[in-house]
Amino acid sequence: MKQRHILFSLMTAVALTAQANTERVIRGQIVTDGGKPLPYAYVHVEGKPYATQADKDGHFSINLPEGSYTVTAKMLGYQSDVRQVDTRTASAVDFRLEEDLINLNAVTVTGTRTPKLLGKSPVVTQIITADDIKKIDATNIKDVLTTELPGVEFSLSMNQQVSLSMQGLGGMAILFLVDGERLAGETLDNTDFLRLNTDDIERIEIIKGAASALYGSNSVGAVINIITRKATEPWSLNLNTHFGSKYGEQRHGGTLGLTQGRWNSLTSVQTNSTGGYALDGSQGGDSLQVYGNRQWNFKEKLSYRFSDKTTLTGRAGYYFHERNSSESLKDRARDFSGGLRLLTGWGSADKLEVSYTFDRYDKSDYYTALKKDFLDYKNVQNSLRALYTHSFGNDVNLTAGGDMMTDYLQSYQFKDDGHYEQYTADVFVQGEWTIDRHWNLIGGLRADWLSKSGWYVTPKVAAMYRQGNLSIRGSYSGGFKAPTLKEMYMNFNMGNIFNIYGNTDLKAEHSHSFALSGEYAYKRYSVTATGYYNIMNDEISTLWNQSLDGGKGAMEYHNIQGRNLLGADVSLMARYPCGIGVKVGYAYFHEFTRHGAPGTSDSRPHSLTAKIDYRRTLKNYEFDIILTGRWLSKVDYYTFADNTYSTYKPTSSPGYSVWKLSLSQRICQAFNLMLSVDNLLNYKPKSYAYNSPLTQGTSFSVGLSVDVEQLFKKK
């Protein structure tokens, strides 16, 4: 009898287990908003290891255990469709994907500090998506911007340090942010662009024109905000590698994503290197010996969700860079960063964000014979921020907040390798009013206090009018760049040629920026034209002062009279259901100097970027053929005539064009193979100047990445 009871219990347990694990077949079809089948679209279950792909007629089936699930259908060029499915009551579900090939209503931007869809933002914002970055197999932000944005040029300044020019503005006038946070450290008035790699980027937002009313100092000409992503699957692991024929170029990395209950983690590691090489002009012109270098990047982003409205996110990062500047000396740079961010809210109208950020950037010289590292530069920033948003219904939103920051700088460019420190604080407020379905207005005001230079107040006003598929945007914004610790206290011997001195009497740079934009977008087409006018006052620059150093003369930081900058951008995007996509961007720039001063800007008056791709999706196989190119016109400008730095002479930089052809293949949703041919036209400069492209002719590269989790998903 006892054995019968045991046997009965076992049979009951097996039956219950089988019933609990019973799988249900969910079938359906994926169609466009016009009712046409979408072949080979993807279907996946949020937070679960279940996914499948539709057939050539848009039909799909997926086996799911009994339960309730969030199921998403998606395909590039369309807005995702999300459905709640309970397998105990439903056996069929259809998806209808609305065509959105330009992504205006699929990308959320934060250029106003309040998230909104790109097509509904009154602030002119350019977006570079993760898909754009993936197509060009980019390593860092420099690769991305030169491919995607006309009017941007990276060149080599003194000692082969990378510098940025963007339609008449240099690196100090363009504010780079990561998730809205500032970066410590600079090299010859530029961010260390190599630390901004692409392995965890969700999108990049570019706001041209002054934006100090939201972001404070340095946002005189533009803000480039890099938004990082979070894990979206229970677990994901991407392993990738890249080899280039050009100068021993290599890149290797991996990204691990985990979501478990309330936890979300994304960890990424990347290393890349390039060997040293010599460049010789095509007609026997000046040659250039380029230093080899290597980088390591480690980043972690960890979130815990206390509730649907409260999330705490921590992040940490480490960056290492080494450059072989000579046989006996290596230049090194390191960065340690971290932070916490709490997002919370109450009711449906109130949200609060509080964050703390730490960033330390060091530079040192490593002497190979001594095997010792000598620190000669340290910049440490500690920032605390609070941001509060209240919604008065659907029509009016109010945002208010403030920041506090300490900025410590120790530098070899200070007397006796000394150090200085300053404190900053600010408060700002912004109101947004949706008047009706046509009009949207934004107004903001910010007051900044810096312990070394005082108070600065900057306003912003923006408006958008929408009628059907047409959007008109206009804005005025103020910008400023407070004098930096380096500009105020520098005391540096420039290779025993002359000295450079700071100036504690410097005033802040000020700008008045006007923008007007028109955009027409309809499903597969988008045309945008934007005009900019930037009035720059009291720009900070170095001038030759013959009275210094006992009459020998030296460079000294001063405010100069400024200039006016005119710019225009035109972009055309089109994507067709057959898989062909086109994206063309054109930028125009002109500098207006004052009182007969010579034009010294070397920004190209005309530049163009173009991308044409053909995408095809088949069962378990996708390919994308991408042709990208950039053309930059010749530019005439003035430079110093001799070592007195008091007279000018005309000079010019030649125009050039560089094109790249890539084949991207995705196999079984897991393997991604990228083959590229760069510099298709085999362009070589006649001679290598500081702003010549660093190319010695056509080169080839191959990249492979594996999404390991896809190998284990049920199909």
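Is Asn503 buried or exposed? Asn503 is buried, because its relative accessible area is 13%, and the cut-off for buried is under 20%. The structure shown is a predicted model.

**Confidence**
- The average pLDDT of the protein chain is 87, and 92% of the residues reach at least 70.
- Among the elements of the chain, strand β23 (residues 311-323) has the highest mean pLDDT, at 96.
- The lowest mean pLDDT among the elements, 47, belongs to helix α1 (residues 2-20).
- Residues 10-20 have a pLDDT below 50, and this stretch has 1 contact in the model beyond near neighbours in sequence.

**Asn503 and its surroundings**
- Asn503 lies in the loop that runs between β33 (498-501) and β34 (509-522).
- The side chain of Asn503 comes to 2.8 Å from the backbone nitrogen of Asp505.
- Leaving aside residues up to four places away in sequence, Asn503 touches Glu487, Met488, Tyr557 and His558.

**A nonpolar surface patch**
- Trp235, Leu256, Leu258, Ile667, Phe671, Leu704, Leu711 and Phe712 make a nonpolar surface patch of about 700 Å².
- Ile667, one of the residues in this patch, belongs to strand β44 (residues 656-667).
- Ile667 counts as partly exposed because its relative accessible area is 33%, which falls between the cut-offs of 20% and 50%.

Key
Residues are numbered from 1 along each chain as its sequence is written. This is a predicted model: local features need pLDDT of at least 70, side-chain atom pairs count only at pLDDT 80 or more; totals for chains, interfaces and linings use all residues. Side-chain values use heavy atoms; hydrogens and water are left out. Helices (H or I, at least four residues) and strands (E, at least two) are DSSP runs, numbered from the N terminus. Buried means under 20% relative accessible area, exposed over 50%, partly exposed in between (1.4 Å probe, protein chains only). A polar contact is a pair of N or O atoms within 3.5 Å; within protein, one must be able to donate a hydrogen and the other to accept it, and residues adjacent in sequence count only if both atoms are side-chain atoms. Contact means heavy atoms within 4.5 Å. pLDDT is the predictor's confidence in each residue, from 0 to 100. Patches are made of residues with over 30% relative accessible area and no salt bridge: like charges are joined within 9 Å, nonpolar side chains (Val, Leu, Ile, Met, Phe, Trp, Tyr) within 5 Å. Accessible areas come from the Shrake-Rupley method with a 1.4 Å probe; for residues, only the protein chains shown count as cover. A salt bridge is a side-chain nitrogen of Lys or Arg within 4 Å of a carboxyl oxygen of Asp or Glu.
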